[in-house]
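Colleague: I'd like to learn how to read this one feature by feature. Start wherever you like.

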Amino acid sequence: MNFIYLAALATLLGVPAGLAMTGGDADTVMTVSLAVTMAGLVFAARRWPRTTLVTSVSIVGAWHTAHLIESGWVWPATAALVVVALTGHLRTAVITSVVLLAFGVAWDGAVEQHTSAWVFSRLGGEGLWLIAALAAAVAYRNTGRWRDELAQRVSQESLHRHVEERVEIARDLHDVVSHTLGVVGVHLNVALDAFDDDPAEARASLRLAQEVRGRAMTDLKTLVGVLRSGALPGLDSLEGLVAQIRASGLAVSLNEFGDPVEVPAPVAAAVYRVVQESLTNTVRHAGATRATVTIRYAPDRVLVDVQDDGPGSAAPIVDGHGISGMRERVAALGGALTAGPGDKGFAVRASLPLRG
């Protein structure tokens with residue numbers, strides 16, 4: 001709406017000024033009348049752009065051939081041309097301009113008997129003006145469309161990130177709860193087995209289960225805050241994770257080779273989750289006494305290998321939710337994960353590229 005008012009004002013002031021500068025002001029009253037008429041038609045151009053354009057150039061052409069004005073075959077209708085171009089009808093604006101300029105060349109040359117130099121100097125300058133005006137209108141329209149597309153793309157990316165964040169929250173909650181239930185379950189089973197024969201061991205197992213439960217409650221309370229701040233669990237948390245698993249009675253060794261400095265945060269978080277899920281599955285399902293975690297930091301990728309000595313390799317491998325979640329997490333980063341029989345028991349191996 002502001003553009004319409006500006007275009008109407010520019011037409012109201014520009015038509016008399018332009019006719020005076022080009023020597024086309026044959027009658028002041030008619031010049032002012034033309035300016036008022038053209039400015040009024042601008043307000044109808046947004047709703048009926050092509051109709052308004054045809055009406056505007058017809059009026060200008062009629063007044064010119066009637067000698068009410070002496071110059072300007074098309075340019076007094078510049079505002080209507082620009083509005084038509086901005087509404088997406090650039091071809092209509094160009095064709096109308098070319099037709100009227102061609103008519104002007106024929107009229108000034110054949111009827112008015114002006115020289116070719118005079119005709120082309122006048123209409124050539126008018127053509128250049130129209131080209132500049134239409135080019136500016138097209139550039140403005142394309143800029144607006146680019147901004148709209150950019151805003152839509154940003155909105156879609158924001159929605160996509162929001163969905164990914166919700167999936168990440170669900171995975172982290174699953175990892176925390178699954179890990180905690182697995183460790184607590186082991187201690188409860190030990191306490192149940194030792195309840196009659198060794199009450200002291202049963203109490204110790206229950207105490208450890210309670211400690212694990214307390215740590216899990218703390219993790220759950222801080223999970224949302226951690227995700228909001230973007231501070232995902234990383235490589236520096238592996239020692240604490242291994243210590244927690246050792247407290248359940250499983251002997252775990254952690255071996256790291258290479259320099260982890262260049263590992264991006266998403267890859268580090270994925271490494272942590274793979275180790276956590278693998279050890280949790282070992283505690284809950286493998287019947288193992290020992291597990292070995294080996295992490296190799298290569299220049300272009302991180303290799304994770306988690307193996308246990310349990311009899312799980314003899315049983316059919318069921319691709320459960322935990323393994324599926326690990327595989328999806330690793331695949332999202334461009335890596336690959338395999339799970340199956342290892343050297344002595346069950347093995348989970350993952351390869352994660354440092355750069356996508």
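**Reading the model**

Modeller: Let's start with R349, which is partly exposed because its relative accessible area is 33%. The scale is simple: buried is under 20%, exposed is over 50%, and partly exposed is in between (1.4 Å probe, protein chains only). Before we go on, this is a predicted model, so local features need pLDDT of at least 70 and side-chain atom pairs count only at pLDDT 80 or more, while totals for chains, interfaces and linings use all residues. Numbering runs from 1 along each chain as its sequence is written, and side-chain values use heavy atoms, with hydrogens and water left out.

Colleague: Which residue does R349 form a salt bridge with?

Modeller: General idea first: side chains of opposite charge can pair when their charged atoms come close. The cut-off for a salt bridge is a side-chain nitrogen of Lys or Arg within 4 Å of a carboxyl oxygen of Asp or Glu. Here the partner is D305, with the closest N and O atoms 2.9 Å apart. This pair ties together distant parts of the chain, with R349 in strand β5 (residues 346-353) and D305 in strand β3 (residues 301-308), 44 residues apart. Helices (H or I, at least four residues) and strands (E, at least two) are DSSP runs, numbered from the N terminus. D305 has a relative accessible area of 15%, so this residue is buried.

Colleague: How many salt bridges are there in the whole structure?

Modeller: The search turns up 2. R301 and D300 also meet through their side chains, at 3.9 Å from N to O. R301 counts as partly exposed because its relative accessibility is 28%, and D300 is partly exposed too, at 45%.

Colleague: Where does Y297 lie, and what does Y297 touch?

Modeller: Y297 sits in strand β2 (residues 290-297) and is buried, with a relative accessible area of 9%. For contacts, think heavy atoms within 4.5 Å. Not counting residues up to four places away in sequence, Y297 touches L235, E256, F257, G258, D259, P260, V263 and V302. As for E262, 35 residues from Y297 along the chain, the C-alpha atoms of the two are 9.0 Å apart.

Colleague: And S56, buried or exposed?

Modeller: Buried, because its relative accessible area is 1%. S56 is in helix α3 (residues 49-65). Leaving aside neighbours within four places in sequence, S56 contacts M38, L41, A77 and A80.

Colleague: Which residues form the nonpolar patch on the surface?

Modeller: Patches take residues with over 30% relative accessible area and no salt bridge, joining like charges within 9 Å and nonpolar side chains (Val, Leu, Ile, Met, Phe, Trp, Tyr) within 5 Å. The nonpolar one here is L9, L12, L13, V32 and V36, with about 430 Å² of accessible area together (Shrake-Rupley, 1.4 Å probe; for residues, only the protein chains shown count as cover). Helix α1 (2-21) and helix α2 (28-45) each supply at least two of its residues, and α1 gives the most, with 3. V36 lies in α2 and is partly exposed at 48%.

Colleague: Which residues make up the negative patch?

Modeller: D193, D196, D197, D198 and E201. Asp and Glu count as negative, Lys and Arg as positive, with His and the chain ends not counted; each charge is placed at NZ of Lys, CZ of Arg, CG of Asp or CD of Glu. D196 is in the loop between α6 (116-194) and α7 (199-229), and counts as exposed because its relative accessibility is 66%.
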